[in-house]
Amino acid sequence: MSRRPARRFADTGSIPFVGSFHPKSRPSPLLSLGLVVGALLIIGYVYHSSGGRSAADAFSRLEGGTSCTAELDRALPVLKKAYGDNMRKVLHVGPDTCSVVSKLLKEEDTEAWGIEPYDLDETDSNCKALVHKGIVRVADIKFSLPYRSKSFSLVIVSDAVDYLSPRYLNRTLPELARVAADGLVILSGYPGQQKVKGAELSKFGRPAKLRSSSWWIRFFIQTSLEENEPVTKKFEQAAAKRSYKPACQVFHLKPLL
């Protein structure tokens, strides 16, 4: 998984309409200003309508993409019903982990840590504080994790495994299961889904490989990882009661013995 410094949105042309004119054309300053203000108002509206969730969530909605880390925010209440006390000590692995960890730390009787698999860029003061305390780390998940076996009751992974080839998945998934005492949760995109383009270019360095559930199940069997069927049923029942339909695939795996 290559690491590239995140580009600013203006550099990638992510803001609608900006930079779309022919280089030789010269629109009036008022027109240019109006377009920029309009784009910012659209972004502000999307962010406000998201209930103040992360910027990644807002931009994913604006661009029509899917972020499994943003989806995790919706899935957390259902995961709590399924795992109960097993969510007392959680490790999140994926982009925007500072946001996920901050939310988990607000929960009663919950400890949380995070691993950012990609370089952090222009972090806010809260994220810098989490990194300084060692709660959030930047680490390449293609290699051994800096934790002892069964260090966490639950490990949750989002927007990370879709960017790994099977060669690295063979190492990474067993390693993630090794540090989990009670379970491993993986959120992966559905085939055909559009991922957030800006995020791919700036953080991942390569397009996502979105795989079917049957592909993942075969892969889990090949790597000696077992589905946690009792928890899967609890998750499905809790989701049905809340009329929650995940926008990403959610897999529940047993830890390594």
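The model is a predicted one, in which local features need pLDDT of at least 70, side-chain atom pairs count only at pLDDT 80 or more, and totals for chains, interfaces and linings use all residues. Residues are numbered from 1 along each chain as its sequence is written, and side-chain values use heavy atoms, with hydrogens and water left out.

**The sheet**

Begin by showing the strands as a cartoon; helices (H or I, at least four residues) and strands (E, at least two) are DSSP runs, numbered from the N terminus. Six of them make an open sheet of 6 strands in the order E3-E2-E1-E4-E5-E6, with mixed pairing, where two strands pair if DSSP finds at least two bridges between them. Strands E3 and E6 are the edges, each pairing on one side only, and from one strand to the next the twist averages 15°. Strands of a sheet pair through backbone hydrogen bonds, either parallel or antiparallel.

Next, select strand E5 (residues 180-188) together with E6, which pair in the antiparallel sense over 5 bridges. Leu184 has Leu253 in E6 as its bridge partner.

Contact here means heavy atoms within 4.5 Å, while axes are lines fitted to C-alpha atoms, for helices over the stretch in contact, with angles from 0 to 180 degrees between N-to-C directions.

**The disulfides**

How many disulfides does the structure hold? The structure holds 2 of them, a disulfide being a pair of cysteine sulfur atoms within 2.5 Å.

Select Cys68 and Cys248, whose sulfur atoms are 2.2 Å apart, and look along the S-S bond, where an angle of -105° makes the link left-handed. This pair links distant parts of the chain, 180 residues apart, with Cys68 in helix H4 (residues 68-83) and Cys248 in the loop between helix H10 (229-241) and strand E6 (249-253). Cys68 is buried, with a relative accessible area of 0%, and Cys248 is likewise buried at 0%; buried means under 20% relative accessible area, exposed over 50%, and partly exposed in between (1.4 Å probe, protein chains only).

Move on to Cys98 and Cys127, which form a disulfide with sulfur atoms 1.9 Å apart; this link is right-handed, with 50° about the S-S bond. Because Cys98 lies in helix H5 (residues 97-105) and Cys127 in helix H6 (residues 125-132), the pair ties together parts that are 29 residues apart in sequence. Both Cys98 and Cys127 are buried. With the bonded cysteines of the chain numbered in sequence order, the pairing reads 1-4, 2-3.

**The aromatic rings**

Rings of Phe, Tyr and Trp (its six-membered ring) pair if their centres lie within 6.5 Å, and planes under 30 degrees apart count as stacked, over 60 as edge-to-face and the rest as tilted. By this rule the count comes to 8 aromatic pairs.

One of them is the stacked pair of Trp215 and Phe219, at 5.2 Å centre to centre with 10° between the planes. These two residues are 4 residues apart in helix H9, so about one helical turn separates Trp215 from Phe219. Trp215 is partly exposed at 23% relative accessibility, whereas Phe219 is buried at 4%.

Then select Trp216 and Phe251, whose ring centres are 6.2 Å apart with planes at 50°, so this pair is tilted. Since Trp216 lies in helix H9 and Phe251 in strand E6, the pair ties together parts that are 35 residues apart in sequence. Trp216 and Phe251 are buried. To see one aromatic cluster, select Trp215, Trp216, Phe219, Phe220 and Phe251.

Elsewhere, the charged end of Lys142 sits over the ring of Tyr168, 5.3 Å from the ring centre.

**Two loop residues**

Finish with Lys150, in the loop between strand E3 (136-138) and strand E4 (152-158), where phi is near 55°, a positive value in a residue other than glycine. Lys150 is partly exposed at 41% relative accessibility. Ser224, in the loop between helix H9 (213-222) and H10, has a positive phi of about 65° although it is not a glycine, and Ser224 is exposed, with a relative accessible area of 59%.

Technical notes
Lys NZ or Arg CZ within 6 Å of the ring centre and 35° of its normal.
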